[in-house]
Amino acid sequence: MPPTLALFLTIGFIVFLFRRDFRERPNISAAIWLPLIWFFLIASKPVSAWLHILGLPIGGAVSLEEGSPLDACVYLSLIVAGCYVLNQRRINVGEIIENNPWLTAFFIYCFLAVVWSDFPLVSFKRWIKVLGHPIMVLILFAEPNFEDAFTTVMKRAAYVLTPVSILFIKYYPEWGRRFDPFSGEAMNIGIAASKNMLGAICFLLGLFFVWHLLRTLQREKSKSRKRELLTIVFFLWTIAYLLRKAHSVTSALSLLASVLIIIILGLRLVNKKVIGMYAVSGVVLFVIAQLTFDVFGHIVEMSGHNSTIEGRQELWQELLHIKINPLIGTGFESFWLGERLQKLWDEHWWHPNEAHNGYLETYLNLGLVGLLMLMGLILATFWKCKQDLLRNPLWGRLGIGFVVAIVIYNWTEASFKALSPLWFFFYVIAIRYPESLAPAAQNSDLDFSEEEREHVSVEAL
């Protein structure tokens, strides 16, 4: 098929999906476009990169420290618009902070870490960008129905991310392929910035569509339900295809682990009240199996990623020998800057820009204090998901599955930072939104007529 024809067919397919979605009139407001655009940009490419693809090479990065002024303006505009929406909906920031103590403490510590950074201005700019994650998530919570809003964002993002990724890989290799810095082999990146990011997108969307499949199966039988099930199956197939093309073992294992947990937690024989005991037992068994049989090593060997993992292990050992303040680190998002970065680039031809380990990455930037606070945040999020499991079982299953998977994922990748789509998804799971701040339609939208729902959506914006 000629690339031009494939391009027009892809665009037509995306338009068809969006038009069908609009006709269903989900119980959401126009403000949902803000988190949708935010998620799309951090999951694919920044605006300057898209302009470059379109033949408009403007707004590129001035330097590694300064970044792109155009992209900075876009992210800042989205954040400001998000703050305006939250202000219009009279979100009580004090109550949000009170209900999310670990998340608040972690953000405050990250802000304080700007002070001792070698590049405080760059560090502060990056902190502002990360602040966009909870702002966009709070917009979802402030919708008449959070699960509908979340579902709409993820579905519409998938409508673009997966078809365009396939288009780029098959018909526009100059945009959809790169070369692996470890092995030199060609790799597929699709719409993302790297093959690992493409794998992360597949992990997130695959996990979402499995959850959405279970949620859709609970609906009464109808034509719309059948149509939705067919759509879900189609996207699960495309995600499996892209995951295979990305050849990302970490993302595949994370997705597999999260789906297994969702399925297991749905079994009646599993006691939801002692899920914490199950988690501790699972961790202990995994540690014993790893120390005894080197389970992870065997999986890596079967996947053919020995050279990649060996290269990362060498990098980990080298990073641990670099002198930093072990308690407070080098400052928020500051390690991979200046002389430290240049020295590492002089020694490694593939120019690493992350530790490829989320826990080591956190230690380098925030020290042992930041790493312990991150661990506390993860445990607090797991506890929240445990409570969700009793109130809203399906959402709780999604949360626990994701938390376990993200812990696994960050062993060979770093997602607890910057504008990572996995970090955004973590905030969706982690934030506890006070029920007293929920819109009036949150618990009674099923009693509204279609006209009343439209009225609620307009008023919410």
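Modeller: What follows is a set of questions and answers on this model.

Modeller: It is a predicted model, where local features need pLDDT of at least 70, side-chain atom pairs count only at pLDDT 80 or more, and totals for chains, interfaces and linings use all residues. Residues are numbered from 1 along each chain as its sequence is written, and side-chain values use heavy atoms, with hydrogens and water left out.

Colleague: How many helices and strands does the protein have?

Modeller: There are 20 helices and 2 strands. Helices (H or I, at least four residues) and strands (E, at least two) are DSSP runs, numbered from the N terminus.

Colleague: And what percentage of the residues count as buried?

Modeller: Of the 461 residues, 52% do. Buried means under 20% relative accessible area, exposed means over 50%, and partly exposed is in between (1.4 Å probe, protein chains only).

Colleague: What share of the contacts joins residues 24 or more positions apart?

Modeller: Such pairs make up 76% of the contacts with a separation of 6 or more. A contact means heavy atoms within 4.5 Å.

Colleague: Let's go to helix 8. How many residues has it?

Modeller: Helix 8 covers residues 146-171, which is 26 residues. From first C-alpha to last it reaches 37 Å, close to the 38 Å expected at 1.5 Å a residue. The expected span is 1.5 Å times one less than the number of residues.

Colleague: Where is the kink in helix 8 centred?

Modeller: On alanine 158, with an angle of about 25°. The bend at a residue is the angle between axes fitted to the seven residues ending there and the seven starting there.

Colleague: Why is helix 8 called largely enclosed?

Modeller: Because 23 of its 26 residues are buried, helix 8 is largely enclosed by the rest of the structure.

Colleague: What happens at the start of helix 8?

Modeller: A side-chain oxygen of asparagine 145 reaches to within 3.2 Å of the backbone nitrogen of glutamate 147. For a polar contact, a pair of N or O atoms must be within 3.5 Å; within protein, one must be able to donate a hydrogen and the other to accept it, and residues adjacent in sequence count only if both atoms are side-chain atoms.

Colleague: New topic: where is asparagine 365?

Modeller: Asparagine 365 is in helix 17 (residues 358-391). With a relative accessible area of 5%, asparagine 365 is buried.

Colleague: Which residues does asparagine 365 touch?

Modeller: Leaving out residues up to four places away in sequence, they are Ile328, Gly329, Thr330, Gly331, Phe332, Glu333, Ser334 and Phe335. A polar atom of the asparagine 365 side chain lies 3.0 Å from the backbone nitrogen of serine 334. The backbone nitrogen of phenylalanine 335 also lies 3.0 Å from a polar atom of that side chain.

Colleague: How many disulfides are there?

Modeller: The structure holds 0 disulfides, a disulfide being a pair of cysteine sulfur atoms within 2.5 Å. Cysteine 385 is buried, at 1% relative accessible area, while cysteine 73 is partly exposed at 48%.

Colleague: Last one: where does alanine 30 lie?

Modeller: Alanine 30 is in the loop between helix 1 (3-24) and helix 2 (33-43). Alanine 30 counts as partly exposed, at 48% relative accessibility. Glutamate 143 is 113 residues from alanine 30 in sequence and 10.0 Å from it in space, C-alpha to C-alpha.
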